[in-house]
Amino acid sequence: MNPINKTPTILQSILGQPCCRQRIGEWKSLHLGFGNKIYNDQKSAVPFYGEWELGTYSSNWEIFHHDQLLLSCKDLKSNMELDQLLQQIKFKSVKNIKVINDKDVLITFKNSIKIYFYALKNDEATEVVHFFFPDHLYAEYHPQKAWNIEKSNKLI
């Protein structure tokens, strides 16, 4: 692995946190929340988020249990159908976050579930995966830029 793609220490704070929310959003985006529920005061389709969130807005993703593909953004299903299937998956806490192939990101859970987030070919501007942390910290991975961590006022 390229040393520039080493997983930043800040991402370790999500390890061991229980999954409290899972959702397929627009354009088959994937969102998972961890830790305590943070209720949304605004009128929104999302009543709460996790203290820690991970996901992607536009990268491709696949969810496996052992070697069996459970769900993929490439499935020819509607967002609603994908979300219903996602709700059936029981995510435990995150065990590991790792860059693979210097461009893709693998999230491993304690119950042998794995999510692969794939870089979009020829698209340097699109994040592969992002994380929201308490205290408005935001992290994202780009294959060309590696990890970017910043303070953000961005709402999830």
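Why is the sulfur of C19 too far from the closest cysteine sulfur for a bond? The sulfur of C19 lies 6.4 Å from that of C20, the closest cysteine sulfur, and this is too far for a bond. A search of the whole structure accordingly returns zero disulfides, a disulfide being a pair of cysteine sulfur atoms within 2.5 Å. Another cysteine, C73, has a relative accessibility of 9% and therefore counts as buried, where buried means under 20% relative accessible area, with a 1.4 Å probe and protein chains only.

The model is predicted, with local features requiring pLDDT of at least 70 and side-chain atom pairs pLDDT 80 or more, whereas totals for chains, interfaces and linings use all residues. Residues are numbered from 1 along each chain as its sequence is written, and side-chain values use heavy atoms, with hydrogens and water left out.

The protein chain contains one helix and eleven strands, assigned as DSSP runs (H or I, at least four residues, for helices; E, at least two, for strands) and numbered from the N terminus. Along the sequence these elements follow the pattern β-β-β-β-β-α-β-β-β-β-β-β. Strands β4 (residues 60–65) and β5 (residues 68–72) run antiparallel and are joined by four bridges, pairing being defined by at least two DSSP bridges between two strands. Within this arrangement F64 has L69 of β5 as its bridge partner, and the two strands form a hairpin with two residues between them, where H66 in the turn has a positive phi of about 55°.

Of the 156 residues in the protein chain, 46% are buried. Among contacts (heavy atoms within 4.5 Å) with a separation of 6 or more, 51% involve residues 24 or more positions apart.

Methods
Buried means under 20% relative accessible area, exposed over 50%, partly exposed in between (1.4 Å probe, protein chains only).
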